[in-house]
Amino acid sequence: MNAVPVFLYHAVSDDPPSWLAPYTVTPAGFRSQLDRIRDSGLRVVPLRRLVTALRGGPALPPGVAVLTFDDGYADFYWTVAPILSDQGLPATLYVTTGALHPPGGRGSGSLLPPAPMLNWRQLGNLDALGVEIGAHSRTHVPMDTVHGRRLTDEVVGCKHLLEDVLGHEVSSFAYPHGYSGAEVRRKVAQAGYTSAAAVGNAFSSPADDPLRIARLMVRADTPPQVFDDWTGLRGAPTAPHRESAATKAWRGYRRVRAALGRPVGGPPKSPGQE
């Protein structure tokens with residue numbers, strides 16, 4: 001079974017907001033990690049190549065990796081995109097539409113704390129440059145805690161808005177915080193998305209679920225040795241793998257809190273979470 005590291009980044013900045021700092025790598029650190037990927041012999045391919053393989057198309061060659069970015073921070077435009085362009089590397093950017101804004105304006109609202117976010121014009125420019133734009137919900141709510149019209153708006157409404165702005169189909173989705181569940185995945189499939197990314201802190205593989213693609217979250221405190229292990233296809237489980245009891249218990253706790261009107265936010269708490 002060929003392991004495929006699908007790297008998950010959030011922000012790349014020297015000066016992130018304090019709440020985002022644990023999930024931010026510096027530009028120098030990001031360049032170093034791209035060098036480590038290259039030096040390991042891995043070749044970065046577009047997400048769509050992995051999705052095609054997962055859906056029965058041509059198999060991926062061994063030794064490939066995928067780059068993904070969540071939320072839609074402004075540093076992707078000013079820092080990440082130029083670095084990727086210099087190195088000729090593809091990437092997928094999943095955006096929370098409620099956090100994006102018109103140039104000089106404000107977004108419609110999201111659950112993300114304040115941070116510099118992309119504007120819609122920048123998003124269109126990134127799309128024109130070849131960055132794959134994916135959906136990341138309207139408000140960044142944990143998807144497995146909402147139902148009915150709210151779930152439809154987060155999944156379908158987000159897709160329609162992005163397609164209206166970009167002028168073409170948007171076929172990839174990423175679950176905020178990595179959380180999904182059977183109902184959410186059905187809604188994503190019914191909406192017409194062909195893939196959806198989770199977290200899992202695991203390698204993807206040819207046997208992975210295209211609606212729950214495993215990713216490896218890169219954090220500010222990810223040690224170089226751990227990153228080297230990932231590029232060497234070591235140090236993490238390979239999807240599909242059995243969900244841990246801790247993950248199931250955490251999901252149940254969050255659902256109870258949401259039902260009581262006291263939802264739990266924040267990124268995944270443990271390596272076993274989706």
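The axes are lines fitted to C-alpha atoms, for helices over the stretch in contact, and the angles run from 0 to 180 degrees between N-to-C directions. Helices (H or I, at least four residues) and strands (E, at least two) are DSSP runs, numbered from the N terminus.

This is a predicted model, in which local features need pLDDT of at least 70 and side-chain atom pairs count only at pLDDT 80 or more, while totals for chains, interfaces and linings use all residues. Residues are numbered from 1 along each chain as its sequence is written, and side-chain values use heavy atoms, with hydrogens and water left out.

Two packed helices are described by the angle between their axes and the distance between the axes. Helix H3 (residues 75-87) packs with helix H4 (residues 120-128) at about 20 degrees, and their axes are 10 Å apart. H3 and H4 are therefore roughly parallel to each other. The crossing of H3 past H4 is left-handed (the near helix is turned anticlockwise from the far one by less than a right angle; clockwise would be right-handed). Contact means heavy atoms within 4.5 Å. On the H3 side Phe 76, Tyr 77, Trp 78 and Ala 81 take part, and they meet Gln 122, Asn 125 and Leu 126 in H4. By class, this contact has five nonpolar, two polar and no charged residues (Ala, Val, Leu, Ile, Met, Phe, Trp, Tyr, Cys and Pro count as nonpolar, Asp, Glu, Lys and Arg as charged, and the others, Gly among them, as polar).

H3 also packs with helix H1 (residues 27-39), at an angle of about 30 degrees and with the axes 11 Å apart. H1 and H3 are therefore roughly parallel to each other. Here the crossing is right-handed. The contact of H1 with H3 has six nonpolar, two polar and three charged residues.

Next come the aromatic rings. Rings of Phe, Tyr and Trp (its six-membered ring) pair if their centres lie within 6.5 Å; planes under 30 degrees apart count as stacked, over 60 as edge-to-face and the rest as tilted. The count comes to eleven aromatic pairs. The ring centres of Phe 7 and Phe 227 are 5.0 Å apart and their planes lie at 20 degrees, so this pair is stacked. Phe 7 is in strand E1 (residues 6-9) and Phe 227 in helix H7 (residues 224-231), 220 residues apart. Ring pairs also link Tyr 9, Phe 30, Phe 69 and Phe 76 into a cluster.

How values were computed:
Angles under 35 degrees count as roughly parallel, over 145 as roughly antiparallel, 65 to 115 as roughly perpendicular and the rest as oblique.
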